[in-house]
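I opened my notebook and looked up a few things in one structure. My entries follow.

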Amino acid sequence: MQELTLSPGPAKLTSILDPVHRMELILSTSPAKLTLDPARQPELSLSPRLAELTLDSSCHPEMTLTPGPAELTLDPEHQAEETPAPNPAELTLEPVHCRPELLSACADLINDQWPRSRASRLHSLGQSSDAFPLCLMLLSPRPTPGAAPIVVGHARLSRVLDQPHSLLVETVVVARTLRGRGFGRRLMEGLEAFARARGFHRLHLTTHDQLHFYSHLGYHLGEPVQGLVFTSRRLPTTLLRAFSKTPCPQPPCKVSNLATQVVPGSSKGPPLPSPPPLRQPLTTSSPPPPQGPLPQSLIETKYRDLKGCPIFWMEKDI
């Protein structure tokens, strides 16, 4: 009998698969020991139906054997690092401007959902301040001490014109790989508590396809509001209000009556006859159209975004 001992450190195993000479390879959790039968081929041959492989509990790589020359490298130091799922009990909500080292990670998170120039996204996040607009991040600590936290989600809060106790919620997003685990709800509940602690009583938002998600959180259909992109004490509220209002409609142009027009020229001769009266349009029995815009429902909406797509306005008292 010949013995081959594999140490738990880096090792390399090269074999040529031969379906004629079959054997079983079993590695125990102790330093691995491989016993070869001298009656067999002295070369190490592994059959395509390798039965069992057990490695040290601290090193669990995956091994795939194909019916050809195979190479296996065991190295405990080169293991793929897996990011554990965030613990909901450890999540925190922090403003972007309080964690400038996470600006880049937050920009990547938002751009993964809504692609945009990276410089423009970083500039927009850099405008976050306690005076609003304010960008909030949902963070999860990493298991490694001293490592930067994971940016799980983001939301932006802006003041609402003529509604001092309301905020507009925008750019709500959760990391694509972490969706469907309740982090969106935690993000919304966190920002509601954040706004409530600062004296705000109502939140407004828009959505294209997440009506049922927000409905389960207590939001209902509402009317559009004007969010303030920036706030400054140098600009009076009356000036900001003027920019948000729709322009006053112009009075209709007066069409002069052809019968009263004075024809230039000589006053001699008979006056021109007046034109015949216009024919009255035919009336139909169809009902008159409803007055005002159509009501908003969870299926149809009368509002459109800048691209012309249907958009739903929702609000909630907090």
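Entry: What volume does the largest pocket have? I looked it up in this predicted model. The volume is about 1,700 Å³. I then checked the lining and found 47 residues. Nearest the centre of the pocket lie Trp114, Glu170, Thr171, Thr206 and His208.

β8 gives the largest share, seven residues. I sorted the lining by residue type as well. It holds 22 nonpolar, 14 polar and 11 charged residues.

**Entry: helix α3.** Next I tested the length of α3. It has 15 residues, so at 1.5 Å a residue it should span 21 Å. I looked up the distance between its end C-alpha atoms and got 21 Å, which agrees.

Which residues of α3 are buried? I noted Phe183, Gly184, Leu187, Met188, Leu191, Glu192, Phe194 and Ala195. I wrote a reminder beside that list. An α-helix has 3.6 residues a turn, so residues three or four places apart point the same way. Just past the end of α3, I found Gly199 with a positive phi of about 90°.

**Entry: the sheet.** I traced an open sheet of seven strands. Its order is β5-β6-β7-β8-β9-β11-β10, and the pairing is mixed. Which strands are at the edges? They are β5 (92-95) and β10 (220-221), and each pairs on one side only.

I followed β5 to its partner. Four bridges join β5 to β6 (residues 134-140), and the two strands run antiparallel. Thr92 stands opposite Leu139 of β6.

**Entry: two loop residues.** I looked at Ala131, in the loop between α2 and β6. Its relative accessibility is 45%, so Ala131 counts as partly exposed; the range for that runs between 20% and 50%. I also checked Ala131 against Arg159. They are 28 residues apart along the chain, yet their C-alpha atoms are separated by 9.1 Å.

Is Thr301 buried or exposed? I found Thr301 in the loop between α5 (237-244) and β11 (312-317). Thr301 counts as buried because its relative accessibility is 11%, and buried means under 20%. Its side chain reaches the backbone nitrogen of Tyr303 at 3.2 Å.

Conventions: Residues numbered from 1 in each chain as written. Predicted model: local features only at pLDDT ≥ 70, side-chain atom pairs only at ≥ 80, totals over all residues. Heavy atoms only, no water. 1 Å grid on protein atoms, 1.4 Å probe; cavity = no way out; pocket = protein on both sides within 12 Å on 5 of 7 lines; lining within 4 Å. Points joined across faces, edges and corners; volume = space filled by probe spheres on them. Nonpolar A, V, L, I, M, F, W, Y, C, P; charged D, E, K, R; others polar. Expected span 1.5 Å × (residues − 1). Buried < 20%, exposed > 50% of the residue type's maximum accessible area, 1.4 Å probe, protein only. Polar contact = N/O pair within 3.5 Å; in protein donor to acceptor, adjacent residues only side chain to side chain. Pairing = 2+ DSSP bridges.
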